[in-house]
Structure formats: structure tokens, C-alpha cells
Amino acid sequence: MNQTRVLNIMLVLYVACIFAFIFAPILFSLVFSFNSQRFPTIPLGEFSTEWYAKIFADPDVWIAARNSLIVSVSTAVVATFLGFCTAYSDFRYNFRFKGPYLALILLPPTIPLIIMALAMLAWLSKLGLSGQLWSIILAHSVLTAPFAMAIIRLRLNQMDPDLESAAWNLGGSEWQAMRHVIIPFCMPSIVSALCLTAAVSFDEFAVSWFVSGLNKTVPVVILEIVQGNIDPQVNAIGTFVFLTSMTLVILAQVFFISRQVKSHS
Amino acid sequence: MSEPLVTFRNVKKHFDDFVAVRDMDLDIYPGEFLAIMGSSGCGKTTTLRMLAGLETPTAGQIHIGGELMNNVKPHERDTPLVWQSLALFPFLSARENVEFGLKMRGVAPAERTRRALEWLNRMEIGEFAERNITTLSGGQKQRVALARSLVMEPKMLLLDEPLSALDANLVIRMQAVLTRLQKELGITFVYVTHSQSEAFAMADRVVIMSQGEIAQVGSPKDIYRAPANRFVAEFVGRNNILTGTQVSQDGNGIVVETPSGTFIASAPETARSDGSEVTFVVSADLVSLSVEEPQDRNRVLCTLISEEFVGSMVTLFLESSDGHEFKVQMQERDLIELDLHSGSQIWLSWAVENAHVLDGE
Amino acid sequence: MKRRFDIYAMTWRLPIIFWQFLFFVGPLLFMVAISFFVVKNYRMTEAFEFVNWQKMFSKGYFWDSYWYTIFIAALSSTVAMILAFPASFALAFRASDNLRRWAIFLLIIPFFTSYLVRTFSWYVILAESGVLNAMLGYIGLGPFKMLNTHFGTVVGYLTLTLPLVVILQTVTMANVDKTLIEAARNLGCKPLATIWRVILPLSKTGFIVAALFCFILSFGDFVAPFYLGGSQEPTLPILILDTTKSGQQWPRAAVVAIMMMVTLFTIAFAAIALAYRKGGAK
């Protein structure tokens, strides 16, 4: 008995270590962002908001933030639309080549970003579409649509397939059934998908860096600062990126989970 | 009867290699309560779905009100369906669910609200009009589903096992609600079910289906007393089915020699010749029991195997000397007088006119 | 049966086909094509020549980099799988359902925090005079050189992969039928033997998928080996980065990228075949 207790305590400590390893960089980044030292170490320097002041005063950061906002919102809309179409097609229809059809949307995340970045850069340059903000949007929509598809497909799984037929049976055309039944039913997952795809797009740097040309997004700015030298501005920017992403993820969870619970009661 | 409202002519429905419905011919008349009954996979739901336009017949024609309906889309029909799953819209209130069809048809908001509330009140659930559908009980949801279909004022209402999710006492109440509604509205109900008690309790006519084909159409009484074939006789249950060889024919009926004995069965003058195989059925509630050997010519001595009680009715399972199983149904109080126990020997007998010969067997 | 064009069905089916052919299949195929193009005077011209393939395959540094990338990605995947296991085991079998849900939610958070910021954070922590060496100094150890080493690269990879591996292992083991474990214990199987003979075989598929994801992520990442590993031994992604960004040698970068994809697909197919092979007697 005693042996099991020792073992259990050790397991708890071990789990704590793993979580400490995973969260250490996030926490330290937050701490460093309020630390006066340029080369942070222990003992810590004084509390300072110097780095925040610096980034607020930097017009490049503001432009990057605006760019990121445009890119992530547009990406979210396009990817969620694509994800919805595919999820609905998969839910409603059986057709030949459905396997390859689904592979088409689900495969992109398994391909290393650096490869996607190179391929996108080459292809978009060829088409004359590179170096623009919407180059990033095109690329990100491909990368994030599978997440939207997965979330919306899960929601459709919970739907009684008779619901759509019931709408037709009551005199609704296919389009009316889509508008008055399928979309309202999927709404929570659509909002979740919008938040999640926006969050993924907001953090992506490799593809953005390759295809964006001079239109930098926030992660690209971080990448370039990091390349230069140690500059704790990165931590301050990181805090904002973290807050934005977390807000989106938590919103996504709230919409997704709350509906999940509701439909079970 | 009047002109049929619905006609099925040589209707077939295939799903890839699976034949769901084959060569169906059926007329449905205005104002009747028709039940389509059969075990799962017999094609009854496919038949209903073809009426609603949710499936297209592979061959044959379906007419409704004289119009060919084969390629008419579901939403262009006037055939509201009450679903087995109810298929109520979970994100709408009870009233909004009932209004749905009117909204699709472009009825003005005020008018559709008025009509929806009228139907909810008629179904005695007016007080739940603004409640979210997920918060209602099974019986209440059932009534919303009915109201949602009936508010469309159809000539025909389709029902797909609507009571299968309810518990037993609620089923009886809803049966009463349905029969009353059907009589009041005077519209056609087409009711698909696997439950014999539901079909027999409510329907004017019953269609029994088996493997995509109609096994028999008739009033509940016809089907119960005069099953058309062995399938129906077995499906309806509580029938004693005996097969033997015809040895002679006289004014009373035909004499059939079976392993359990020789019996006389009533049959119209037929072309059946002596020596041919004959199957007849005797309904379990028309068999009498006696301790003394009875005078009837149709009698057999059996051993009691077991008994099964449902309410005040009891079904006895007995076995003749050749091992054939007999079923006898009777009131429980009549059983007490006989003082039987497992292994008791007892005589079974029945009148000639209650032995019904199956056609074409 | 009538075969007429169903506008409604196609409205939902066609957009993704159109979009993915234009912006997913198109780029990848074009990348294959440019691997046969030639660069003259810093300009890429269309051609069909094997010069890039010959150049890359004959270069010693390409093969060094190729094997080093496989080695370091495999090493980091192994480390991640081993490090994660006790934690996943505890979360799967010792934690309540509620606690496990919370743990998994927490583990999802890192995916939505900037990987670059986390890497930068490690850079500062692991530096010669950084936080970790300062802490070790108090107990009289070090300073250790941790940046610009394999260790640094692996720490970076783990930052990326460890949360995912813990999640996948935990979910896999939590889904193992508990009665089988009890049955094994009941039949006299010792705890460690139960893990080895019951839990691991039952979790095989999930574990192989976890290791595969881990490998794919590490194999394709350029941030960790670049900033924490110091790119002294460049991995393939760094090679792509260098040839594309500085040399304008897109065709050669394409060769490297195609080799990466071929390698990844081979490993993925082998892993999936292994994962879904009918469990033989062990």
C-alpha cells in the first residue's frame, strides 16, 4: 500500500514536471516582457513596461497588427465557408471518388509548412499573385479549412438526418432547408470554426513569411526581430498574440462545448 | 367506395441490389385510416417515403389525386409526415416548429402564428408554445409533431411509427388521440407500424407486407379471422396452423389428414382434388378446452407445456402426441375452473367453420 | 436514371475541388515541375533538365543534412514518446475524467501560442548566462553549453511536439477497455507486465500515430534547429530556407522539398501499415 502511494506521488510530480516544461516558455515570456533586463536571467531585473512602450510606439508593429487582423479574419471566413461546404457534402451525399475528395481537404496540415511555403511562393509568383496580403489569405485558407471541416462535420454528426427531410416535407426547397435548418443547426460550430481558423492563421509564420513580400504580419515581424538579436520586444508582442489567440480558442470552446452539453441533456 | 386518393401501379423500388418494394399495387381511399404493417426491412417505410417523395420509384407509377407523382419533389407535395424520430427542429420553440411549414409556404407571420397556436391548443399543449423543444416530454413532443403536420391542412397525413418511442400507457392514449383526430378531420391517415396492436386498434384497413410485397390487404377482422396465406397467419400470431392431405370432400367442408389427426375444415366448393396438400388455421381464441372427450369431430388430445399471462387473458401452449404445438387463448377466470398444471392432458376442439383453409397453399 | 446536373449538390461539392486544385495540388505539382527548371543569371527559366537533381544528389552536404534530419527527428520523437509516457499513463489511469479533460484542454493551449515566442523564450532560458544556468549555478553546477547543440534542437522540437504526444497517448490509453486490465491483474499479471503485455499492445495504433505526428512535425520544423541548434548541422528545412531565401535557387530547394515529401510518405505508409497490421502473437 505504502509503495503505491509513493509511486502515485512520484507520478503526480512527474506530470507536474512535464507541464512545467510545456508551460515554462510561455510563462517566462510573460515574465520577461515586464523585466527591465535586455538579457534576462536570474535574479530578475526591475519591473518595467519599457518593451510595451516600445512596441506601442513602433508603427511597423501597428501595421503588422492590422495586416494580421485582415489576414486572419478573411482566412477564417474563406476557410469556414470551404469547410462547411465539404462537411455538408460529406454528410449529405455519397459519390464516386469521395475518398480522394476528402483527402483533398484533409491533407494540407500533414505537409510540412516549409514545403507548403516554398510551393505556394513558387506557384503564386507564377500566377502573379504573390507578395500581397491576399496571397497569405489564399495559402492560409488551404491550411486551415480542414479544421473548420472537422468541427462542422462533428456537429452534423449530431444532427438527426430526418431533420433536413422534414424541412422538405413541410414545403421547403433544398435551399430553404439549408437556410432554415442546416445553417441554424450548425451555427455554434460555424462560430467555433471561425474562431479556430482565425487563431491558427494568426500564429502561422512560415508560409506568411514566404509569400507576403513586404506585407508583414505579426508572426513575421517576430521572426525578423528574433533573427536580428535578442530583443525583449518579442515577449511583449508575444503577450498580445497569446491573449488574442486564447480569446479566440476559448470562444471556440465555449460555443462548441456548451452546445455539446445542451444537445445531450 | 369512391375514387382512390392514391394508387400504386406496379411500383418497384431497388437500392442497388436490394429490392425494397416489388410490383406493388395498392389503392388508398379518401378518409380512410390505412395501416401498413410488417417486420423491419419489409418495405413499409420505403412505401411511405415514396408517398412523401423522399424516394423515387425505380419503376411503376404512383398517382395522388389523379396526378402522376413519380418525379414531384418532396417540397412540392402536400404529404406531411410524422417521423419516427419526430424530427422536430431543436433550435426552435414549439410554436416555431409548428409554423415552419407555413413559413416555407410563404404565409404571413401573424397568420401563421395564429394558426400554429390554434393547433397547439387543439393538441392541448398551448401552454408550451414558447418552450424550447428540447425541454418537452416525449408525449408533448409527439403532439407538437402532429400539430406541425396538421397545421398544413393536408388531405393525407403520413405517420412513420410515431408511437414507437413512447411508453405503453402513453401509446394507448395517443392511439385514442389519433383515431379521434382522423375521424374529426376526415382526412386519410397512412400509418406505418410494426406493431399489430396499434394497427388493429386504429386502422380501417391493414396492409401486411413481407419482403417488399403485399401479403394481404383487408380489415383487421378479415386479416385476423381469414389470413390469406401462411405468412399472414404466422405474422398475426396466435394462430394454430395445420398442414395435411385432403382425403375427401363433403357438404360440410374438406377432410384433412394431418399428423395430429383427421380434421374437417370449412372451405367453399373448390377445384382442390383429393390427395392435394391443404393448410388451415384455427385462431387460438376459437379453440375450446374440455377434460371429457368432446363430441366435435375436430378434436385432439394435448399436453400442457406452459402458459403466458397478458392482463386477464392467458395463452396456453400445448403439444399433441405427434409433437405439434397448439395455442389456446382464453380468459384467466375460465382457466381456473379447469385446474390445469404443466403436464396435464386436455382435449382441444373447434367448430368446423372456425377452421379456415388458406388459399394457394 | 436521369443524370441531370444537380446545381444544389454541386454548389457544396465543387468549391473545395476548385480551390484545392488551384491552391494546394497546383502548388505541389508546380514544385515538382520547377525542380526540372534551370536558373540562369539569377532568373529561373522553364526547362526540363535533371541538373538540379544531379547537383543536389552529388553534394555531400545534402546527404549529411538528409541523414542528420532523419536522425534528429527520430531521436526527438523517441525522447518525446518516452518522456510523455509516465505522464500520459498517470492522466489516463490515475486522474478523474474531469481532471483529464482539464489537462487536455491545458495541453491544447500551447498550439495556439506563438511557437516563435516560445522558442525565443527557450533561447533566453538556455543561454550561457541564462535562467537555467543561473539556477544551476546556485547549486554549484555548470555553466553548461546548451544552445547551438543537439540538446537545444531537441528542446525546441519537444516544445512543438510534447503536448500533442501527451494528448494522443492519454486519449489512446484512456480508451483502453479497463476490464481487460483488471482481467490481466486478476490473472496474476504484475503491474509492469500489465503495461507491457496488455496496455501497450492495445494502444499500439494510437502510439504509432503519435510517434508519426511527432516525427512529421520535427522533420519539417526549421525554427528549433535554426535558433536553438545554431544550424551548425543544417537540417533539410534550413537547407530549403537558405537556397530559397538567399540563393534564389528555387529549383534546388524544390528538389530538397520533394525528397522530404517522399521520405515522409514512405515513413507514414510504413507506420500506418504497422499500426493497422493484425496483431500477431507476442
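Ala87(B) sits in the loop between strand S6 (81–82) and helix H2 (94–104) of chain B; helices (H or I, at least four residues) and strands (E, at least two) are DSSP runs, numbered from the N terminus. This is a predicted model, in which local features need pLDDT of at least 70 and side-chain atom pairs count only at pLDDT 80 or more, while totals for chains, interfaces and linings use all residues. Residues are numbered from 1 along each chain as its sequence is written, and chains are lettered from A and ligands numbered from 1 in the order in which they are written.

Most residues other than glycine have a negative phi. Ala87(B), although not a glycine, has a positive phi of about 50 degrees. Ala87(B) counts as buried because it has 24 C-beta neighbours inside 10 Å. A residue is buried if 20 or more other C-beta atoms lie within 10 Å of its own, exposed if 12 or fewer, and partly exposed in between, with C-beta atoms placed from the backbone.

Gln211(B), also not a glycine, has a positive phi of about 45 degrees. Its position is the loop between strand S9 (205–210) and strand S10 (213–218) of chain B. Gln211(B) has 15 C-beta neighbours inside 10 Å and therefore counts as partly exposed.

## The largest nonpolar core

A nonpolar core is a set of buried Ala, Val, Leu, Ile, Met, Phe, Trp, Tyr and Cys residues joined through C-beta atoms within 7 Å. The largest one has 251 residues, of which Leu118(A), Met120(A) and Val190(B) touch the most other members. H8(A) contributes the largest share of this core, 14 residues.

Beyond its neighbours within four places in sequence, Val190(B) has contacts that include Ile28(B), Leu48(B) and Met156(B); two residues are in contact if their C-beta atoms, placed from the backbone, lie within 7 Å.

## Chain C

Chain C contains 13 helices and two strands. Buried residues form 39% of its 282 residues. Among contacts in chain C with a separation of 6 or more, 71% are between residues 24 or more positions apart. Along the principal axes, the C-alpha atoms of chain C fill a box of roughly 80 × 70 × 40 Å.

## The contact between chains A and C

This contact takes 58 residues from chain A and 59 residues from chain C. On the side of chain A that touches chain C, H1(A) gives the most, with 13 residues.
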